[in-house]
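Good morning, and thank you for coming. I would like to take you through one structure this morning, beginning with the whole chain and then turning to individual residues.

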Amino acid sequence: LLPVFALLLRLFYIRKKPMYVECLIFSLHFHSFAFIIFAINNLIGLIGVFNDFIELVLVLIVAVYLVLAIKKVFQQKYFIGIVKVVGISCLYLLTLALAFTITGLITLLA
């Protein structure tokens, strides 16, 4: 799904005219950060500390990081960046749900 995230970035920042490869590199960078944060969450769970507050804080860290990264890379103001991050996130989650649904259906049929 990394290429889909990169495509969404490209579409949301069409006026800035970033090349798709730049968006793909940004996508790899962001997903790597998110993977590390969620791996830390899993390690905390293995220790035996199950706390919804910790999970919420880690998700907020990822969201804030995305806004700050978009501000830095695409020279976007905070408000517009937040609006675009919400739009990109909604479309990306919709794509993710669709991918999981298709994968589940294929698995059931196989």
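Accessible areas here come from the Shrake-Rupley method with a 1.4 Å probe, and for residues only the protein chains shown count as cover. On that basis, the accessible surface of the chain comes to about 7800 Å², of which 77% belongs to carbon and sulfur atoms.

Before going further, some remarks on the source. This is a predicted model, in which local features need pLDDT of at least 70 and side-chain atom pairs count only at pLDDT 80 or more, while totals for chains, interfaces and linings use all residues. Residues are numbered from 1 along each chain as its sequence is written, and side-chain values use heavy atoms, with hydrogens and water left out.

Let me describe the overall architecture. The chain has 4 helices and 0 strands; helices (H or I, at least four residues) and strands (E, at least two) are DSSP runs, numbered from the N terminus. Along the sequence, the pattern reads α-α-α-α. The C-alpha atoms fill a box of roughly 45 × 40 × 20 Å, taken along the principal axes. Of the 110 residues, 25% count as buried, where buried means under 20% relative accessible area, exposed over 50%, and partly exposed in between (1.4 Å probe, protein chains only). Contact means heavy atoms within 4.5 Å. Among contacts between residues at least 6 apart in sequence, 61% join residues at least 24 apart.

I turn now to one pair of helices. Two packed helices are described by the angle between their axes and the distance between the axes. At what angle do helix α1 and α4 pack? Helix α1, residues 2-12, packs against α4 at about 145°, with the axes 10 Å apart. Axes are lines fitted to C-alpha atoms, for helices over the stretch in contact, and angles run from 0 to 180 degrees between N-to-C directions. On the α1 side, the residues that meet α4 are Val4, Phe5, Leu8, Leu9 and Phe12; their counterparts in α4 include Lys84, Gly87 and Ile88.

Lysine 84 lies in helix α4, residues 78-109. Leaving aside neighbours within four places in sequence, lysine 84 is in contact with Phe12, Tyr13 and Gln76.

Asparagine 41, in helix α2 (residues 20-47), counts as buried because its relative accessibility is 18%. Phenylalanine 53, in helix α3 (residues 52-74), counts as exposed because its relative accessibility is 56%.

Finally, the loops. Most residues other than glycine have a negative phi. Lysine 17, in the loop between α1 and α2, has a positive phi of about 55° although it is not a glycine. Glutamine 75, in the loop between α3 and α4, likewise has a positive phi, of about 45°. Lysine 17 is exposed, at 66% relative accessible area, and glutamine 75 is exposed, at 60%.
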